[in-house]
Amino acid sequence: MDSILVTGGGPLKGDIPIAGAKNACLALMPATLLSEEPLTLTNAPRLSDIRTMSVLLQSLGAEVTAMQDGQVLALSGHDLKSHVADYDIVRKMRASILVLGPLLAREGQAVVSLPGGCAIGARPVDLHLKALEAMGAELELRDGYVHASARGGLKGGEVAFPFVSVGATENALMAATLAKGTTVLKNAAREPEIVDLAQCLRRMGAHIEGEGTETITIEGVDRLGGATHRVVPDRIELGTYMLAPAICGGEVECLGGRVDLIGAFCEKLDEAGISIEETERGLKVARKNGRVKSVDVVTAPFPGFPTDLQAQMMALMCTADGVSVLEERIFENRFMHAPELMRMGAQIDVHGGTARVTGVERLKGAPVMATDLRASVSLILAGLSAEGETRVNRVYHLDRGYESVEEKLGAVGARIERVSET
Ligand code: UD1
């Protein structure tokens, strides 16, 4: 199994290109199931999660061809041959549940295994199922699978989410594009990935209003056509790489970065004393003098501070001046990186959903274990400025969400390499 070896070092300098968003792409790809015509996605990230979604869609009869080294995905849902999403594929990735809404809307039936994914809490799919029920779906849970049917097709309905769910909003949004009549999604997620999906669906001929707000209204149409769509930049990859110069010092320009994708995070970096400048090419981030100030963070749905940047922000706070309190409000078990950071000398007290971090002057390199996707990159960030060598084991999580992390960080002067053990 591969591990990543990081040797702590000095300031970073240079450019890091930001890829297309994994989470947007994972929602856009299943949209191909809604149409007989081709869907082309450009600016796709090259990640194992994207390959998993390709395999899942292919198992349903969709065509998925990766071109231009994986940055362009040509998809077609012309000849679907199955409506069963098998456990062996779905268990690898929670986002697999996103085939449920489109399959049901197009085929009138779907059988989808209950998903797996990162071990960061219980993560049920009840909101996805309730939303589809509100559109007339009949659902049954049997042998670990959701059996869904909608004889005569889905019907528009009102879906009021009790709390914000990105995935449930995406599933409901896709399903509603082919439902008869009007669907109103209330308390919908407002993440940039939702806006991106709505824009792509509209290009395919869907009638959607209100994406990016709490209420999305969808007028169902009989059929959707083809489209070409550019995937929005990955705001989580962006935030992660913005933290690299914040932790190590120096100046890095994140190419393609935009403040509107990540406003709450930028405010926190600013409070911590990190400078962020909007340039024509993206965002230039610098820590020029002194130690980072500690800041408090509460994760929240967009436009709040993203839970997917909490672990990386904790890595920054480990060496900040003072005490910082990080509150995790989205997932109940998302501090698994804390004990690993403590192996590197960090001072962290975790009580339930709150972590209190007392900054130390410098962390010390140590062998650590990646427990989930974002945790693994937080350990790499911490290792970048730690004294000595940090070996991050079990990095398969990392490859799910970060393309060429060693090359991107290596290009700005970080000492980082992948070690393959056979
Ligand atoms: C998506 C992102 C993930 C991010 C998360 C929150 C993708 C592929 N993944 O995940 O990286 O961390 O948004 O920003 O886009 N919940 C339920 N029942 C449901 C659905 C969700 O209880 O049916 C709970 C979850 O356990 C969690 C909260 O709602 O506590 C938010 O989850 P949700 O927004 O649905 O996250 P995902 O779409 O799975």
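Helices (H or I, at least four residues) and strands (E, at least two) are DSSP runs, numbered from the N terminus. The model is a predicted one, in which local features need pLDDT of at least 70 and side-chain atom pairs count only at pLDDT 80 or more, while totals for chains, interfaces and linings use all residues. Residues are numbered from 1 along each chain as its sequence is written, and side-chain values use heavy atoms, with hydrogens and water left out.

## A four-stranded sheet

An open sheet of four strands has the order S2-S15-S17-S16, with mixed pairing. Two strands pair if DSSP finds at least two bridges between them. Strands S2 (12–17) and S16 (275–278) are the edge strands; each has a single partner strand, so one side of each lacks a neighbour in the sheet. On average, neighbouring strands of this sheet are turned by 15° against each other, direction ignored. Axes are lines fitted to C-alpha atoms, for helices over the stretch in contact, and angles run from 0 to 180 degrees between N-to-C directions.

S2 and S15 (residues 250–255) run parallel and are joined by six bridges. Leu12 has Gly250 as its bridge partner in S15, and Ile16 has Cys254. S15 and S17 run antiparallel, again with six bridges. Here Leu255 is bridged to Gly282 in S17.

Helix H8 (residues 235–248) lies across S2, S15, S16 and S17 (282–287), and runs at about 25° to S17.

| Helix packed with H8 | Angle | Axis separation | Residues of the contact |
|---|---|---|---|
| H9 (residues 263–271) | about 10° | 11 Å | five nonpolar, one polar, no charged |
| H10 (residues 310–317) | about 5° | 10 Å | seven nonpolar, two polar, no charged |

In this count Ala, Val, Leu, Ile, Met, Phe, Trp, Tyr, Cys and Pro are nonpolar, Asp, Glu, Lys and Arg are charged, and the others, Gly among them, are polar.

H8 and H9 pack at an angle of about 10°, which makes H8 roughly parallel to H9. Angles under 35 degrees count as roughly parallel, over 145 as roughly antiparallel, 65 to 115 as roughly perpendicular and the rest as oblique. From H8, Gly239, Met242 and Leu243 meet Phe265, Cys266 and Leu269 of H9.

For H10, the angle of about 5° makes H8 roughly parallel to H10 as well. The residues in contact are Ile236, Thr240, Leu243, Ala246 and Ile247 on H8, and Gln312, Met313, Ala315 and Leu316 on H10.

Helix H2 (residues 48–59) has twelve residues and, at 1.5 Å a residue, should span 16 Å; its end C-alpha atoms are 17 Å apart, which agrees. The expected span is 1.5 Å times one less than the number of residues. Buried residues in H2 are Asp49, Ile50, Thr52, Met53, Ser54, Leu56 and Leu57, where buried means under 20% relative accessible area, exposed over 50%, and partly exposed in between (1.4 Å probe, protein chains only). Their cover includes helices H1 (22–28), H3 (87–90) and H13 (396–401), together with strands S4 (63–67), S5 (72–76) and S6 (84–85). Gly61 follows H2 and has a positive phi near 105°.

In helix H5 (residues 126–134), Leu127, His128, Leu129, Ala131 and Leu132 are buried. These residues pack against helices H4 (100–107) and H6 (166–176), and against strands S8 (138–142), S9 (145–149) and S10 (158–160). Just after H5 comes Gly136, with a positive phi of about 95°.

## Loop residues

Phe302 and Pro303 are joined by a cis peptide bond, with omega about 10°. Pro303 is in the loop between strand S18 (297–298) and H10.

Asn43 is a residue other than glycine with a positive phi, near 60°. Its loop runs between strand S3 (39–42) and H2, and Asn43 is buried at a relative accessible area of 15%. Asn187 also has a positive phi near 60°. Asn187 sits in the loop between strand S11 (182–186) and helix H7 (192–203), and is partly exposed, with a relative accessible area of 27%.

Phe331 belongs to the loop between strand S19 (323–327) and helix H11 (337–343). With 18% relative accessibility, Phe331 counts as buried. Its C-alpha atom is separated by 9.4 Å from that of Thr299, 32 residues apart along the chain.

Technical notes. Contact means heavy atoms within 4.5 Å.
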